Amino acid sequence: MSKELIRLANCTMAFDDEVVLDNINLYIKDKEFLTLLGPSGCGKTTTLRIIGGFQTPTSGDVFFDGVRINAVPPHKRAINTVFQKYALFPHLNVYENIAFGLRIPKVDGKGKKVKLPEEEIHQRVMEMLEVVNLRGFEKRHITQLSGGQQQRVAIARALVNKPKVLLLDEPLGALDLKLRKDMQNELKRIQKAMEITFIYVTHDQEEALAMSDTVVVMDAGKIQQIGTPEDIYNEPKNAFVADFIGESNIIDGIMRADGVVEIFNRKFQCLDGGFAKDEPVDVVIRPEDVDIVPEDQGQLKGTVTNVTFKGMQYDIIVDFYGFKWLIQTTDLSPVGSRIGIKIDPDGIHVMKKSQYSGMFGDYSSYSEEYEEISDASFDPEEDQEGGDEE
Amino acid sequence: MKNKLSLFAVPYVIWMALLVVAPIVMVVIYAFTTADGGFSLSNFARMGTYAVIFTRSFKLALIATAICLLVGYPVAYAMAKEGPGFQRIASVLIMLPMWVNFLLRTYAWMSILEKNGLLNQLFSAMGLFDLINSVFGTNIQYFKMIGTSGAVVLGMVYNYLPFMILPIYSVIIKLDNSLLEAARDLGANSAGVFRKVILPLSLPGVLSGITMVFVPSVSTFAISRLLGGGTQMMLGDLIEQQFLGGAYNPHLGSAIALVMMVIVVVCMWVMNHFGEGEEQAVML
């Protein structure tokens with residue numbers, strides 16, 4: 001895309017004995033929309049706070065435009081932040097909140113402090129209000145705004161300073177689903193229009209896929225995978241990524257040859273290669289990549305144990321030899337019926353074994369886990385993120 | 001159910017009516033009457049005689065309040081910002097004197113500030129007076145501290161300082177840290193964060209601190225009598241004289257009390273009006 005803007009080199013962060021970030025290496029390109037995605041406590045917020053200057057890594061370096069900025073305090077970085085709970089100033093109205101950064105004297109080339117003229121402040125604040133669709137709200141008190149409007153003020157307050165990078169810490173977490181979708185599009189539009197690098201932290205994989213140029217999947221203080229949304233969905237590196245991004249059936253397999261993987265003692269054609277002969281692997285099969293066929297034509301045969309109507313499709317749980325799969329289908333197969341399935345070679349993705357093998361991708365405990373995932377208001381991050389903020 | 005519960009408030013309401021509302025009404029009646037019972041404004045007409053005392057009371061109370069604010073704010077700020085260790089020690093040090101009787105504390109200051117008091121003895125032992133006398137050719141044996149307005153102000157500051165520190169502290173400690181981070185993020189240095197965020201958001205605490213120091217200061221009488229040595233008469237002393245002293249005249253005393261009350265209420269109203277915006281903000 002374009003040149004590198006920020007680089008984290010071997011960044012480690014430890015609080016007392018607890019390692020929150022474990023040797024992170026990451027570079028962020030100019031004008032890209034990068035998302036740090038992961039569950040609570042994975043280190044994504046800490047990574048963001050290191051970039052923002054609110055925390056200094058225990059070891060490792062942070063570079064901005066090629067210059068090491070470990071010791072540069074937040075107010076001297078060309079980076080602005082949209083905070084998780086907006087952190088709008090309650091004693092100032094909308095206009096003054098947005099003007100806050102502009103009213104701070106800047107040091108010019110000759111080392112003199114200069115204040116922006118009032119006309120320029122006014123013009124830039126009004127411009128920003130236009131960008132976030134809040135024209136006419138400038139005299140409003142912060143308390144008189146809805147959550148979505150406060151969100152927009154927070155974005156405007158950060159962007160009005162024309163930062164090179166905007167950090168967003170779960171900015172849509174407090175909004176309801178509908179508003180969240182609108183704001184996703186809005187943010188994407190603003191990012192394109194203003195040509196600013198966005199670094200976005202979320203635990204919502206859908207949000208990450210929908211908005212990002214690059215997704216960084218994190219867990220346990222480590223980067224699990226970096227790639228485009230398509231990459232990480234279609235080619236997850238390990239069972240954690242496969243499970244965290246979308247729904248996946250993850251099955252033990254053995255790589256018999258390039259393009260041939262064995263599951264449940266049956267050989268399947270796939271597109272993956274480069275494994276040792278007879279290497280044990282994790283096989284990812286997405287629920288939408290499975291075709292249901294009459295039992296006698298199936299590569300695998302199983303019994304339907306659960307059916308959930310999802311509007312666009314049915315989610316059915318099928319028991320294959322004691323291992324339960326999630327399959328998404330538009331045709332109803334009633335509970336108890338015997339079905340066969342077929343999987344095309346491009347529906348099979350083979351991964352190396354990792355520390356996460358065997359932990360994910362089994363729908364045996366279907367009911368509880370699945371209800372949680374499909375519940376939009378369920379927030380696994382709530383209150384727990386506090387731990388890596390301090 | 002709500003009504004049943006509010007029945008419990010009845011004793012207090014009666015108490016208030018008897019001991020707060022009724023006395024105020026009586027003060028008003030007394031203020032507008034004379035000893036023979038007739039309506040009169042003569043009590044107020046005599047007020048001019050006491051202009052000096054009015055001025056002194058408000059002046060000393062204002063000075064004491066200003067000093068409390070200047071001393072108290074940094075202490076409150078440090079308490080809120082330093083670790084819990086400092087916080088605990090500081091709150092004990094602030095509260096400790098309040099466990100000692102008010103009069104006792106003030107008597108203690110008398111023995112410190114007296115002509116032959118602790119401070120003068122200390123200065124003398126240090127050879128301070130000899131030094132001054134040899135340099136300036138004077139003949140000073142002690143500093144006159146007691147009986148000055150300074151001593152009265154000192155007594156008020158000492159007694160009322162906790163009432164300035166605690167409300168400010170409780171506001172600052174509750175400030176959302178992310179607001180301070182946001183200010184830094186937007187380019188403010190430490191001084192900017194304080195001036196543009198912490199100070200305006202702590203104003204409600206400052207206002208209630210000012211109220212809690214100024215009101216008792218302006219009406220104080222023991223401090224001015226004990227530390228002022230009779231030369232620094234304040235409104236409280238004047239009113240006391242009209243009720244208990246030789247100048248017995250409760251009508252005049254009531255009139256003075258009423259005027260003082262009105263002035264204080266007006267001051268508070270102006271200040272609260274001024275601070276309204278900020279109080280709203282802290283509700284958030």
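A: Strands here are DSSP runs of at least two residues, numbered from the N terminus. The model is predicted.

Q: In which loop is A:Phe264 found?
A: A:Phe264 sits between strand 14 (260-263) and strand 15 (266-269) of chain A. Its phi is near 50°, a positive value in a residue other than glycine.

Q: What about A:Tyr86: buried or exposed?
A: A:Tyr86 is buried, because 22 other C-beta atoms lie within 10 Å. Its loop runs between strand 6 (79-82) and helix 2 (94-99) of chain A. Phi of A:Tyr86 is near 70°, again positive in a residue other than glycine.

Q: Which residues touch the most other members of the largest nonpolar core?
A: They are A:Ala156, A:Leu166, A:Ile199, A:Val217 and A:Val261, in a core of 99 residues. Helix 4 (residues 147-159) of chain A gives the most, six residues. Domain 1 (4-234) and domain 2 (248-373) of chain A both contribute, so the core lies between them. Beyond four places in sequence, contacts of A:Ile199 include A:Ile28, A:Leu48 and A:Val165.

Q: How do I describe two packed helices?
A: Give the angle between their axes and the distance between the axes. Helix 10 (residues 177-185) and helix 11 (residues 190-218) of chain B pack at about 125°, with axes 10 Å apart. That angle makes helix 10 of chain B oblique to helix 11 of chain B. Their contact includes B:Leu179 and B:Ala183 of helix 10, and B:Val193 and B:Val197 of helix 11. The crossing is right-handed.

Terms used
Residues are numbered from 1 along each chain as its sequence is written. Chains are lettered from A and ligands numbered from 1 in the order in which they are written. This is a predicted model: local features need pLDDT of at least 70, side-chain atom pairs count only at pLDDT 80 or more; totals for chains, interfaces and linings use all residues. A nonpolar core is a set of buried Ala, Val, Leu, Ile, Met, Phe, Trp, Tyr and Cys residues joined through C-beta atoms within 7 Å. A residue is buried if 20 or more other C-beta atoms lie within 10 Å of its own, exposed if 12 or fewer, and partly exposed in between; C-beta atoms are placed from the backbone. Helices (H or I, at least four residues) and strands (E, at least two) are DSSP runs, numbered from the N terminus. Domain bounds come from an automatic or database domain assignment. Two residues are in contact if their C-beta atoms, placed from the backbone, lie within 7 Å. Axes are lines fitted to C-alpha atoms, for helices over the stretch in contact, and angles run from 0 to 180 degrees between N-to-C directions. Angles under 35 degrees count as roughly parallel, over 145 as roughly antiparallel, 65 to 115 as roughly perpendicular and the rest as oblique. A crossing is left-handed if the near helix is turned anticlockwise from the far one by less than a right angle, and right-handed if clockwise.
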